[in-house]
Amino acid sequence: MEYQELARLGEEILSTARSELTLAMRFLDAALAALEYRISPAVASTATDGKTLYVQLRYLLSSYEENPILIHRAYFHNLLHCIFSHPYLIPEEDRELWDLCCDICVEAVMDSLPVPCLKKMPSPLREHAYRLLEENKILYTPERLYHFLRKTVFYRQNMLLLEQDFCIDSHALWKKDGSQEEKQEKKWKEIQYKTKTNMETFYRAAGSSAGRLLAVLQLTTQEQRRYDYFLERFAAWREDLKINDEEFDAAYYTLGMNLYGNTPLLEPLEYKEEKKIKELVIAVDTSGSCLGSPVRHFLMETYGILKQAKHFFRRCRIHLLQFDTVIQKDFCITDFEQFFRMADEFPVKGFGGTDYRCLFDYIEKQQSEGGFHDLQGLMVLTDGYGTYPEHPPSYPTAFLLADFLQEHPAHVLPAFDKVPGWAMKLRIDENLYKRRTP
């Protein structure tokens, strides 16, 4: 057969595989429809860039001849990478281990699904790996697996065997930048939420029978909510000195400039009401159980988000507090260069446990004494373990629960369920990768 005929046969195989996966898991119809497929000689087996699944023809035909389930699994393996946003996570170090962790995550989810077209006899090594992760209560996300495996003798002794067992695709196409990739990432985030919602509502039976997939989806969608979410909740409507393009008619302005030289017929409106932040408190838990270096790293990442002009007025105040059972330090920051210097040289001071009540008492005292003029919210970076106040404050409060603040983050989960119901909360992992932001 000629190459064109074999390629058409390969496309039919891929089309059949997608149809069978859709019939087996209707809650994934949007995800399956979003990933195109293409026969390509440029890959050794399979690979995806978040938009297209590329499949090598010889690999496709030989694998299908051996067992069609191999094609179903390869297709679904790449699809799960996209659903979990793996192609948009760029590691800063140890790329091989990171890639392995991404592969283990999707293979573990796949192996847990009661879907006949994906069923494969697990190897003894794979069963041993799953048992080890379950015994240590490791969640199936790349961050968690990375933290755990890098410190284990099991990984060092079985690194090559683990790669042979779990790594069935190439991740070379994940290294891309640009606006197109940002659009793709946003698309897959929307698919994440839609799939999770489908499993939780319309396909409840599927949600209960695909617990690991639903659990990872819930964790992934929760972790990928950015700090912008909290900043928008803290923002309030204020009048800002800015040209109001919505009420400004450029036609009259241009006509006047053309007829009378430098005299416009209509001056642009200078005042526009926008929802921004004027004063915010960021409190960092620096108790004895928390580590200094990750705190400074987190503040530098936070600086990159907060400096965006769309969130803050030109004149703003950010109070950076250190606390454990008492307030250790209050840094009042009025410009973002000052915040950058403070984040880079942040001195961590703290002893003993954590008492969040000292934060709210301190803020209440400062408000009564005029120290806080227009407070719009409090963000608390902590591991979640400590004593909370019984009653909510008068301003919005968010707890950013960071497991990387702990000495042994792989074994101790943030105290997510201990946060009072009146507060916003978000669990975040250590930033092992750089996520592109607009």
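**Close-up views of a predicted model**

**View 1. The salt bridges of Arg126.** Glu107 and Arg126 form a salt bridge in this predicted model, their closest N and O atoms lying 2.7 Å apart. This pair links distant parts of the chain, with Glu107 in helix H5 (residues 95-112) and Arg126 in helix H6 (residues 124-135), 19 residues apart. Both Glu107 and Arg126 are buried. Asp165 also forms a salt bridge with Arg126, where the closest N and O atoms are 2.9 Å apart. Here too distant parts of the chain are linked, since Asp165 belongs to helix H8 (residues 153-166) and Arg126 to helix H6, 39 residues apart. Asp165 is buried, as is Arg126.

**View 2. Arg126 and the ring of Phe166.** Arg126 lies over the face of Phe166, at 4.4 Å from the ring centre.

**View 3. The salt bridge between Arg357 and Asp355.** The closest N and O atoms of the salt bridge that Arg357 forms with Asp355 are 2.9 Å apart. Arg357 is partly exposed, with a relative accessible area of 40%, whereas Asp355 is buried, with a relative accessible area of 15%. Elsewhere, salt bridges that share partners join Arg73, Glu107, Asp111, Arg126 and Asp165 into one network.

View 4. The 13 residues of helix H16 (residues 357-369) should span 18 Å at 1.5 Å a residue, and the end C-alpha atoms are 18 Å apart, which agrees. Buried residues in H16 include Cys358, Leu359, Phe360, Tyr362, Ile363 and Gln366.

**View 5. An aromatic cluster.** Phe323, Tyr356, Tyr388 and Phe399 are linked into a cluster by ring pairs, and the structure holds ten aromatic pairs.

Definitions and conventions: Residues are numbered from 1 along each chain as its sequence is written. This is a predicted model: local features need pLDDT of at least 70, side-chain atom pairs count only at pLDDT 80 or more; totals for chains, interfaces and linings use all residues. Side-chain values use heavy atoms; hydrogens and water are left out. Helices (H or I, at least four residues) and strands (E, at least two) are DSSP runs, numbered from the N terminus. The expected span of a helix is 1.5 Å times one less than its number of residues. Buried means under 20% relative accessible area, exposed over 50%, partly exposed in between (1.4 Å probe, protein chains only). Rings of Phe, Tyr and Trp (its six-membered ring) pair if their centres lie within 6.5 Å; planes under 30 degrees apart count as stacked, over 60 as edge-to-face and the rest as tilted. A charge sits over a ring if NZ of Lys or CZ of Arg is within 6 Å of the ring centre and within 35 degrees of the ring normal. A salt bridge is a side-chain nitrogen of Lys or Arg within 4 Å of a carboxyl oxygen of Asp or Glu.
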